[in-house]
Amino acid sequence: MKVLLAEYTSAHDPSLAHEGNAMLHVLKTSFERSGYETVLPGPGDFTAEIEHLAPTCDMGLVVAPDALLSRFTMILEQHTHNLGCGFMTIALCANKVQTGRILSGHGISVPGEPGPGKKVLKPVKGCGTQGVRLSETAPGEGEFAERFIDGEHFSVSLIPNRVIGDACLYFKGNPPVVLAVNRQHIETDADGSFHYLGGETPVHPAREDEIISTARKVVEVLGCQGYCGVDMVVADKVYVVDVNPRITTSLVGIAACMDEEIADLLVAASKGEGPEKVHLHGGARFDTNGMVIHL
C-alpha cells in the first residue's frame with residue numbers, strides 16, 4: 001500500500017525545515033519498516049502536489065504549520081484516507097483564542113486574560129514558539145495576550161481514535177492512546193522571546209495522572225483524531241497553553257523508545273482500532289534537528 005507523507009516545511013519554510021525534516025524521517029522510516037511504499041511531494045506548489053499525488057495513494061498525512069494545515073488536509077481528504085486530524089478540527093485548534101475559550105468553557109484550565117505588568121504575547125494563529133514572547137506592551141495585529149504562568153513545561157503526545165471523517169463507519173468509541181508525557185526545553189532570550197529547543201521523553205512528573213487526564217479531556221472536547229500534542233504549564237494548576245492537532249517534534253524522541261511503529265498506530269487509530277497502550281523502554285533527549293540521545 002502507498003502512503004503520501006506531505007511535509008510542508010522541508011521545501012517551503014526554511015525557518016522550520018529542521019524540525020520538519022526530523023519528523024518526516026521518523027515517519028518515512030516507520031512506514032517503510034511496516035511495509036508501506038512512501039510517496040513524498042516534490043519542491044513545487046504544495047497544493048498541486050497533494051492534488052496530484054493523493055489520488056494515487058491508499059492513505060496520506062499532512063504535516064504543516066498550524067495556520068496552513070487545515071487547507072492542505074481538506075484537499076488530502078478529498079482524494080484519499082486521512083491518517084491525521086480532520087480539517088475542521090485543525091482549523092479550530094489553529095485559532096488559539098477560540099480554542100482557549102472552548103477549553104475554559106469545559107472546565108479545563110487555560111492561562112486566561114493577563115493582569116497588569118508582564119504578559120505573554122502570541123500570534124492568534126502561530127506554530128510552536130514562533131512569535132511568542134514575554135512583554136509589557138499591547139498585542140499587535142494578529143496577536144493576543146494571556147497571563148504568564150511561571151511553571152514547568154510539559155507536553156502530552158497521544159493518538160485519539162477516529163471520531164468523524166472519511167472513515168466514520170470505523171468509529172469504535174475507543175479512548176485515545178497516550179504515547180508519553182514529555183518535558184519541554186524552552187528558553188527565553190534577552191528580549192523575552194520563547195524558543196523551543198526539544199525535550200526529554202518519557203517523563204513521570206509528580207502530577208502525571210492529572211496531566212494525562214487533562215490531555216485526554218482536551219482532545220475529546222475538541223474532537224481531535226490522529227497524532228496530537230497538548231502543551232501545558234504546570235504550576236498551581238495544570239494549564240493548557242496550546243493544542244497541536246498534528247505530528248510534533250516529540251515524536252522524534254518517542255519513536256526512539258517505543259516498541260510499536262508509529263505508522264501502525266496511525267493507521268489503526270484512523271480506523272478506530274488504536275491500542276489501549278504502548279510500550280516504552282528507557283528514555284531519550286531530543287532536539288529540533290532530529291538528534292536523539294538515549295538515556
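## Salt bridges and a buried threonine

Glu210 and Arg207 form a salt bridge, with their closest N and O atoms 3.2 Å apart; the term means a side-chain nitrogen of Lys or Arg within 4 Å of a carboxyl oxygen of Asp or Glu. This is a predicted model, in which local features need pLDDT of at least 70 and side-chain atom pairs count only at pLDDT 80 or more, while totals for chains, interfaces and linings use all residues. Residues are numbered from 1 along each chain as its sequence is written, and side-chain values use heavy atoms, leaving out hydrogens and water.

The whole structure holds seven salt bridges, including these:

| Pair | N to O distance |
|---|---|
| Glu32 and Lys28 | 2.7 Å |
| Arg246 and Asp66 | 2.5 Å |

Arg246, in the loop between strand S12 (238–244) and helix H8 (250–257), and Asp66, in helix H4 (residues 66–77), are 180 residues apart, so the pair links distant parts of the chain. Helices (H or I, at least four residues) and strands (E, at least two) are DSSP runs, numbered from the N terminus.

Buried means under 20%, exposed over 50% and partly exposed in between (1.4 Å probe, protein chains only). Glu32 is partly exposed at 38%, as is Lys28 at 29%.

Now to Thr99, in helix H6 (residues 96–105). Thr99 is buried, at 5% relative accessibility. Its side chain reaches the backbone oxygen of Leu92 at 2.9 Å.

Technical notes. Polar contact = N/O pair within 3.5 Å; in protein donor to acceptor, adjacent residues only side chain to side chain.
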